[in-house]
Amino acid sequence: FAKPLNLDAVIAGVRTPQQAAEVYAASRLVIADASAAEQAYLGLLAARLKLDPQATRELDAAVQALPG
């Protein structure tokens, strides 16, 4: 990873609630067992994507239920 993720650019590219859910889910897939710092990032991401807490919990549960 030559360059850190530009969160502002990612957020700016999200146009729909479905895209917001997909961006969050993709991050959650990469972060399997989240440390405190990673939990903080996911919380910030969810807030910036304007995901409500219930949607975030559902996405977390769906990702955790995936095999592998």
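The following dialogue explains how to read several features of this predicted model.

Visitor: How is a helix identified, and how many residues does H2 have?

Guide: Helices are DSSP runs (H or I, at least four residues), numbered from the N terminus. The expected span of a helix is 1.5 Å times one less than its number of residues. H2 has 14 residues and reaches 20 Å from its first C-alpha to its last, close to the 20 Å expected at 1.5 Å a residue.

Visitor: Which residues of H2 are buried?

Guide: Buried means under 20% relative accessible area, exposed means over 50%, and partly exposed lies in between (1.4 Å probe, protein chains only). In H2, the buried residues are Ala20, Ala21, Tyr24, Ala25, Ser27 and Arg28. They cover an arc of only 160° around the axis, which puts them on the same side of H2; the arc is that of the directions from the helix axis to the C-beta atoms. Gln18, Leu29 and Val30 are exposed on the other side of H2.

Visitor: What do the buried residues of H2 pack against?

Guide: Packing is read through contact, meaning heavy atoms within 4.5 Å. The buried residues of H2 pack against H3 and H4.

Visitor: How does H3 read when the approach is applied to it, and which of its residues are buried?

Guide: H3 has 13 residues and reaches 18 Å from its first C-alpha to its last, close to the 18 Å expected at 1.5 Å a residue. Its buried residues are Leu42, Leu45 and Ala46. They cover an arc of only 100° around the axis, which puts them on the same side of H3. The face of H3 turned away from the buried side carries the exposed residues Ala36, Ala37 and Ala47. Helix H1 (7-12), helix H2 (17-30) and H4 are the elements against which the buried residues of H3 pack. Just after H3, Lys50 takes a positive phi of about 60°.

Visitor: Which residues of H4 are buried, and what covers them?

Guide: H4 has 13 residues and spans 18 Å from its first C-alpha to its last, close to the 18 Å expected at 1.5 Å a residue. The buried residues of H4 are Thr56, Leu59, Asp60 and Val63. Seen down the axis of H4, they fall within an arc of 100°, so they line one face of the helix. What covers them includes H2 and H3.

Visitor: How many salt bridges does the structure hold?

Guide: Side chains of opposite charge can pair when their charged atoms come close. A salt bridge is a side-chain nitrogen of Lys or Arg within 4 Å of a carboxyl oxygen of Asp or Glu. The structure holds two salt bridges. One joins Arg48 and Asp8, with the closest N and O atoms 2.7 Å apart. This pair links distant parts of the chain, with Arg48 in helix H3 and Asp8 in helix H1, 40 residues apart. Arg48 counts as partly exposed at 33% relative accessibility, and Asp8 is partly exposed with a relative accessible area of 48%.

Visitor: Which side chains meet in the salt bridge of 3.1 Å, N to O?

Guide: The side chains of Asp60 and Arg28 meet there. That pair also links distant parts of the chain: Asp60 lies in helix H4 and Arg28 in helix H2, 32 residues apart. Asp60 and Arg28 are both buried.

Notes:
Residues numbered from 1 in each chain as written. Predicted model: local features only at pLDDT ≥ 70, side-chain atom pairs only at ≥ 80, totals over all residues. Heavy atoms only, no water. Helix = DSSP H or I, 4+ residues; strand = E, 2+ residues; numbered from the N terminus.
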